[in-house]
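Welcome, and please open the structure in your viewer. This tour tells you what to select at each stop and what you will find there.

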Amino acid sequence: LEVKFPGAICISTNDQIVHGAPSDYEFVNGDVVSFDLDIFFKGYYTDSAFTMIVGGEKYANGAVRQLLKTTEASFWAGANMVRAGVRLGDVGHAVEKVLRKGKLGVIMNYIGHGIGKTMHEDPEVPNYGIPGHGYVLKAGDTICIEPMASMGKATNFVGDDGWTVYLSDGSLGAHYEHTILVLEDGCEVLTKWPED
């Protein structure tokens, strides 16, 4: 039996890496907060996520700012690989390479996915991979690349609410995601925000 998420947007704070369910927690300056949301329009889904610092970057140290920037950069490294004929192992490897270079924990048990008339479709889109392996992208495929990273270890667990995923060591985490349409010669980021 599938249980419906008890809210409209997943909001994960500090050591929560993904699927943050509604709570009474009140944000304070310096909190690291991820927003993960879906839009259903004309029979199709899109999915995107970003992480920010409450109050702005002035409330975070350099390591926290680097966590957010590196996680976002890893998404773009993966997206820049996307075009028809590329294997998902190459995309995942590009994401993982950026995260590991930034000395971040690579969350491996939560990954990206295909998307379309349902929220989660094949193929699976890991944030790690072996070049030359995996599903071969085709023009018209729609996928979500969604790196998640931690400042500490990547191990995690689901909290008592049955949804919110916490980092086991209490470290800070970040999440970044867009929905991408695969083209013959590249891709189109369908959920791109104006400032990207």
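## Stop one: two helices

Helix α1 goes past helix α2 in a right-handed crossing. Before going further, please keep in mind that this is a predicted model.

To see the crossing, select residues 62–79 for α1 and residues 88–101 for α2. Two packed helices are described by the angle between their axes and the distance between the axes. Here the axes of α1 and α2 come within 8 Å and cross at roughly 155 degrees. That makes the two helices, α1 and α2, roughly antiparallel, because angles over 145 degrees count as such.

Now show side chains. Which residues of α1 meet α2? On the α1 side they are Thr70, Thr71, Ala73, Ser74, Ala77 and Gly78, and they meet Val91, Ala94, Val95, Val98 and Leu99 of α2. Sorted by class, this contact of α1 with α2 holds seven nonpolar and four polar residues, with no charged ones.

## Stop two: the sheet of five strands

Next, colour the strands β7, β6, β8, β13 and β14. In that order they make an open sheet of five strands, paired antiparallel. Strands β7 (121–125) and β14 (186–189) are at the edges with a single partner strand each, so one side of each has no neighbour in the sheet. On average, and ignoring direction, neighbouring strands of this sheet are turned by 30 degrees against each other.

Zoom in on residues 178–183, which form β13; this strand pairs with β14 in the antiparallel sense over four bridges. For one of the facing pairs, select Ile180 and its bridge partner in β14, Val189.

Bring α1 back into view. Helix α1 lies across β8 (142–145), β13 and β14, and runs at about 15 degrees to β13.

Most residues other than glycine have a negative phi, and most peptide bonds are trans. The bond joining Asp122 and Pro123 is a cis peptide bond, with omega of about 5 degrees. Pro123 is placed in strand β7.

## Stop three: the sheet of three strands

Select β5, β9 and β12. They form an open sheet of three strands in the order β5-β9-β12, with antiparallel pairing.

Strand β9 covers residues 148–150, and three bridges join β9 to β12. Which residue of β12 stands opposite Met148? Select His175 to find the residue that faces Met148. Helix α1 turns up here too: α1 packs on this sheet, touching β9 and β12, and its direction makes about 30 degrees with that of β12.

## Stop four: a hairpin and its neighbour

Select residues 32–41 for β3 and residues 44–53 for β4. These strands, β3 and β4, run antiparallel and are joined by 10 bridges. They form a hairpin with two residues between them, and Lys42 in the turn has a positive phi of about 50 degrees.

Strand β1 is joined to β3 by four bridges, and the two run antiparallel.

Now move to the loop between β2 (16–18) and β3, where His19 is placed. Phi of His19 is near 60 degrees, a positive value in a residue other than glycine.

## Stop five: links along the chain

Show the aromatic side chains, which form seven aromatic pairs. Among them, Phe5 and Trp163 are edge-to-face, at 5.2 Å centre to centre with 90 degrees between the planes. This pair links distant parts of the chain: Phe5 is in the segment before β1 (10–13), and Trp163 is in the loop between β10 (156–158) and β11 (165–167), 158 residues apart.

Finish at Ile111, in the loop between β5 and β6 (112–114). What does Ile111 touch, leaving aside its neighbours within four places in sequence? Select Glu124, Val125, Pro126, Asn127, Tyr128 and Glu146 to see these contacts of Ile111. Between Ile111 and Tyr128 there are 9.0 Å in space, C-alpha to C-alpha, and the two are 17 residues apart in sequence.

Terms used: Residues are numbered from 1 along each chain as its sequence is written. This is a predicted model: local features need pLDDT of at least 70, side-chain atom pairs count only at pLDDT 80 or more; totals for chains, interfaces and linings use all residues. Side-chain values use heavy atoms; hydrogens and water are left out. Two strands pair if DSSP finds at least two bridges between them. Contact means heavy atoms within 4.5 Å. Axes are lines fitted to C-alpha atoms, for helices over the stretch in contact, and angles run from 0 to 180 degrees between N-to-C directions. Angles under 35 degrees count as roughly parallel, over 145 as roughly antiparallel, 65 to 115 as roughly perpendicular and the rest as oblique. A crossing is left-handed if the near helix is turned anticlockwise from the far one by less than a right angle, and right-handed if clockwise. Ala, Val, Leu, Ile, Met, Phe, Trp, Tyr, Cys and Pro count as nonpolar, Asp, Glu, Lys and Arg as charged, and the others, Gly among them, as polar. Rings of Phe, Tyr and Trp (its six-membered ring) pair if their centres lie within 6.5 Å; planes under 30 degrees apart count as stacked, over 60 as edge-to-face and the rest as tilted.
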